[in-house]
Amino acid sequence: MAHRIILALLLSTAAAFAPAVKPRAATQLRAGGDGEITAVRACEILDSRGNPTVEVEVDTKQGTFRASVPSGASTGIYEACELRDNDKSRYLGKGCLQAVKNVNDVLGPAVKGMDSSKQREIDQLMIDLDGTPNKQKLGANAILGVSLAVSKAGASAKGVPLYQHVADVAGNAKNANVLPVPAFNVINGGSHAGNKLAFQEYFIIPTGAPSFSEGLRIGTECYHTLAKIIKNKFGGDATLIGDEGGFAPPCDAREGVELVMEAIKTAGYEGKCEIGMDVAASEFKVEGEDCYDLGTFYPPSERDDPSLKMTAAQLADFYADLCREFPIVTIEDAFDQDDWAAWSNFNAKANCQTVGDDLTVTNVAKISEAIDKEACNGLLLKVNQIGSLSESIDAVKMSKKAGWGIMTSHRSGETEDTYIADIAVGLCTGQIKTGAPCRSERLAKYNQLLRIERELGSEARYAGKDWRAPAWMGD
């Protein structure tokens, strides 16, 4: 492996920008065969928010395997480095040509000739090539693009679906048949919308459905019912959608829960659906103060209301009151990413899943700290927070062994790639959030789960009421 690293480092300083390559169509996969990587190339594409991102293609003798990298709007400060060009004359500084160049000139040549089914070996080589704690040299977006494309090539080389290959890499070969419970983000606020709502996401979660496909149907019916309720209360403009397909009504934090509950009841699914929230509290924490300002996104004339400013203890009491009144089963990022005391105090008393996102950033070091401090009991799995499939698997296994729930997640800036659906099944996460049943880049993931359910046939299982502790817990 050392000679590969030396070769790649030489190439990174001497190689010119790779010339354009002739596009090639996706290849129909054959079952089994030679998985040797024969070529790797990257390009810049646009995500669902119209921002550039990285797409990578990996060639083997079986064909071409493509993966694209998502990007978040609400990002934790401890996430791996998403390499941007910062050239303000191009895409407002958000271009990623340097990350593309790092794939074409460094990572691609380094992994060429390797067996695509050796996921951990390839990921470790790329991590070593970068050599920094947060992948700031080559970019997590460059490394992850190769990692995900390689995983698809590796699955084909073994003649198995992607979800089974992911399961094999993780040591979950026998339980790659559990379909996750979807958490539909039906109301958007915070950094994902243009309304005054501080809390970022409100979920409808069909834990009482008998199957994934029925859960999808129930969630979709509740979503359309919610649209009518919001239109009647706030007017048609309030049914405009946010980045993840949810509505963005001009409501406050409590009203968001009330609207979701009304939709569930009106659609006839009370008892079959529960509620969740992604608060994204780091987005409205007042720096240097014990203050969470729920008026952060309000019009300037309305921000001074004292009732909108809460201490961590008051915010925790607010959550507790909501949980007593409504069937709330999961709260994500309830406090700031550095407010460890607030997390630990709330987790000790909470009667729901407390999910770390900005707190844990899919990083085993941060997860270990959260376990030691008993700060939360759930992990939000975002592969681009850490930058490789192997490290994501390690994060899931550590969390599961601690008894945590796992919610596989998309990002607000998504592409049509559906890999998180396969990851959710392969790692038996039991939960997935990938937006409302609206917008094609969100529905692509749900539709892939429908395909997996059909493929598994009678072997398919729905996590349902076991959504926090499905069949495989990382052993």
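**View 1. Burial across the predicted model.** A residue is called buried when its relative accessible area is under 20%, and exposed when that area is over 50%. By this definition, buried residues make up 61% of the 475 residues in the protein, whose structure here is a predicted model.

**View 2. Overall fold and dimensions.** The protein contains 14 helices and 16 strands, and its C-alpha atoms fill a box of roughly 60 × 50 × 45 Å when taken along the principal axes. Because a compact globule with 475 residues would have a radius of gyration near 23 Å, the 22 Å of the protein agrees with such a form. Among the contacts with a separation of 6 or more, 70% are accounted for by residues 24 or more positions apart.

View 3. Helix 13 spans residues 419–426, and eight of its eight residues are buried, so the helix is largely enclosed by the rest of the structure. The buried residues begin with Y419, I420, A421 and D422 and continue with I423, A424, V425 and G426. Just after helix 13, the backbone reaches C428, which takes a positive phi of about 50°.

Key:
Residues numbered from 1 in each chain as written. Predicted model: local features only at pLDDT ≥ 70, side-chain atom pairs only at ≥ 80, totals over all residues. Heavy atoms only, no water. Helix = DSSP H or I, 4+ residues; strand = E, 2+ residues; numbered from the N terminus. Rg over C-alpha atoms; globule rule 2.2 N^0.38 Å. Buried < 20%, exposed > 50% of the residue type's maximum accessible area, 1.4 Å probe, protein only. Contact = heavy atoms within 4.5 Å.
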